[in-house]
Amino acid sequence: MTFVPGPVRISVPATSANLGPGFDSLGLALDLHDELTAEVIDGPEGGLVVEVDGEGAGTIALDESHLVVRAMRAGFAAMGVAPPGIRLHCRNVIPHERGLGSSAAAIVGGLGLARALVVE
């Protein structure tokens with residue numbers, strides 16, 4: 001497996017769950033989207049550059065503990081690959097800790113980015 005030569009972009013929506021009798025099995029995608037862009041970069045094994053604009057900028061981690069990065073690393077591990085370095089840019093619109101699925105969006109977005117960066 002190899003990596004795509006340029007950046008990839010994913011848009012992930014906010015969600016609302018716990019709808020009526022459906023509990024966590026029914027939900028809605030909302031018209032708020034986080035835009036995530038990532039690319040594989042040269043650097044030491046595990047090199048990482050994280051930038052965040054919008055919701056959470058200046059307060060959320062810019063290291064390996066960032067939820068999108070953790071999801072990307074899990075995705076890469078599941079595919080049996082390890083990029084030399086990652087550059088990640090998050091333009092966050094989904095409010096954090098407000099019940100709109102920002103954590104789910106980060107996880108799904110991270111897995112989507114990892115998959116999009118790998119060519120079989």
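Does R73 count as buried, partly exposed or exposed, and at what relative accessibility? At 22% relative accessibility, R73 counts as partly exposed; the cut-offs here are under 20% relative accessible area for buried, over 50% for exposed, and partly exposed in between (1.4 Å probe, protein chains only).

A quick word on the ground rules. This is a predicted model, where local features need pLDDT of at least 70, side-chain atom pairs count only at pLDDT 80 or more, and totals for chains, interfaces and linings use all residues. Residues are numbered from 1 along each chain as its sequence is written, and side-chain values use heavy atoms, with hydrogens and water left out.

Back to R73, then. Its partner in a salt bridge (a side-chain nitrogen of Lys or Arg within 4 Å of a carboxyl oxygen of Asp or Glu) is E64, and the closest N and O atoms of E64 and R73 sit 2.7 Å apart. E64 is partly exposed as well, with a relative accessible area of 37%.

By the same rule, the count comes to 3 salt bridges. One of them joins E39 to R87, with 3.2 Å between the closest N and O atoms. E39 lies in strand β3 (residues 28–40) and R87 in strand β5 (residues 85–92), so this pair ties together parts that are 48 residues apart in sequence. Strands here are DSSP runs of E, at least two residues, numbered from the N terminus. R87 is partly exposed, at a relative accessible area of 34%.

The side chains of R115 and E120 also meet in a salt bridge, at 2.8 Å from N to O. R115 counts as partly exposed at 39% relative accessibility, while E120, at 70%, counts as exposed.

Terms used
Helices (H or I, at least four residues) and strands (E, at least two) are DSSP runs, numbered from the N terminus.
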